[in-house]
Amino acid sequence: MAESAILKYEVRELSKPEKKRFLSEGYVLGVIFGKGIDSIPIAVKKSDFQTVVKEYGRNAVIKMEGPDNAEYNVMVRDVELTPLTYEFHHVDFQHVSLTEVMEADVLVRFVGTDYLDTKGLIVNRQMDSIAINALPHNIPDFIDIDVSQSQEGDTILIKDLKLDSGVTTNLDDDELVATINTPRMDTEEEGDVETDVEVGVVGEENSETETE
């Protein structure tokens, strides 16, 4: 079983002065919620949270340690970023049981796309994430799909995925994840452009557009 990350938290009051104080001191606001517990408004050091995400991944199990020796096993469920700067601002932490299988959406990551580029092929995604079932410690950050040996017209189905031990999905085996194709060329548009160039229409339209 993977090692849990550890993150210390402070309990905060739901007031504007308290919120401003924590933000000014470099904290990220958050809440711990889940089955069997009341929601707990908290704050964690932004630098500590960034370190946990970087070292353990977005789907890591985190042991939250708070005042009075309180502890909760949680996973990150939602992250709010600040506008423009895109820094962590608010995090929802879901309390989880380490012995209870749970559902999670895991991002799909295609490996070997540089080999497809040399063949003039692309991945046409039908799914960006896969709903899986697993114990919290077994939930991966990504589901990797190797396309380095793929050819034009190949399809990738749910049954083709190589899921880690202890990871399952309720999706149908024949559901389509992606296809391998050549980039589509819109020949009609190309034909129209060539015709417009011959009669001098394109240059006039561009000139009018720039003036506007």
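These legends go with a set of close-up views of one predicted protein model.

The model is predicted, so local features need pLDDT of at least 70, side-chain atom pairs count only at pLDDT 80 or more, and totals for chains, interfaces and linings use all residues. Residues are numbered from 1 along each chain as its sequence is written, and side-chain values use heavy atoms, with hydrogens and water left out.

**View 1. The whole protein, before we zoom in.** The secondary structure comes to five helices and 13 strands. Here helices (H or I, at least four residues) and strands (E, at least two) are DSSP runs, numbered from the N terminus. Of the protein's 212 residues, 33% count as buried. Buried means under 20% relative accessible area, exposed means over 50%, and partly exposed is in between (1.4 Å probe, protein chains only). Take the contacts (heavy atoms within 4.5 Å) between residues at least 6 apart in sequence: 62% of them join residues at least 24 apart.

**View 2. The largest nonpolar core.** A nonpolar core is a set of buried Ala, Val, Leu, Ile, Met, Phe, Trp, Tyr and Cys residues joined through side-chain atoms within 4.5 Å. Which members of the largest core touch the most others? Out of its 25 residues, they are I130, I132, I139, I145 and I156. At least two core residues come from each of β8 (102-111), β10 (129-134), β11 (142-146) and β13 (176-181). β8 hands over the largest share, five residues. Zoom in on I156 and, leaving out residues up to four places away in sequence, you'll find it touching F110, I145, V147, L161, E175, L176, V177 and A178. There's also a second, separate core of 17 residues, with A5, V52, V91 and F93 among them.

**View 3. I143, tucked into strand β11.** I143 sits in β11. Is I143 buried or exposed? With a relative accessible area of 4%, I143 is buried. Not counting residues up to four places away in sequence, I143 touches V106, L107, V108, R109, I130, I132 and L163. I143 and F110 are 33 residues apart along the chain, yet their C-alpha atoms are 8.4 Å apart in space.

**View 4. The largest pocket.** On a 1 Å grid over the protein atoms alone, a pocket is an open set of points where a 1.4 Å probe fits, with protein on both sides within 12 Å along at least five of seven lines; lining residues have an atom within 4 Å of a point. The largest pocket has a volume of about 230 Å³, where volume is the space filled by probe spheres set on the points, and grid points are joined across faces, edges and corners. Its lining is made up of V111, D144, I145, D146, V147, S150, D154, T155, I156, D160, L161 and K162. Both β11 and β12 (155-157) give two or more residues to this lining, and β11 gives the most, with three. By type, the lining residues split into five nonpolar, two polar and five charged.

View 5. In α2 (residues 46-56), K46, F49 and V52 are buried. Looking down the axis of α2, these buried residues fall within an arc of 125°, so they line one face of the helix. The arc is that of the directions from the helix axis to the C-beta atoms. An α-helix has 3.6 residues a turn, so residues three or four places apart point the same way. On the other side of α2, K54 and E55 are exposed. The cover over the buried residues of α2 includes β1 (5-8), β3 (27-33), β4, β5 (62-65), β6 (71-81) and β7 (88-95). After α2 comes G57, with a positive phi near 95°.

**View 6. P41 in strand β4.** P41 belongs to β4 (residues 40-45), and at 19% relative accessibility P41 counts as buried. Setting aside neighbours within four places in sequence, P41 is in contact with E10, V11, R12, L14, G30 and V31. P41 and L14 are 27 residues apart in sequence and 7.4 Å apart in space, C-alpha to C-alpha.

View 7. Most residues other than glycine have a negative phi. L84, though, has a positive phi near 70°, and Y86 has a positive phi of about 55°. L84 is exposed at 77% relative accessibility, and Y86 is exposed with a relative accessible area of 62%.

Notes
Nonpolar A, V, L, I, M, F, W, Y, C, P; charged D, E, K, R; others polar.
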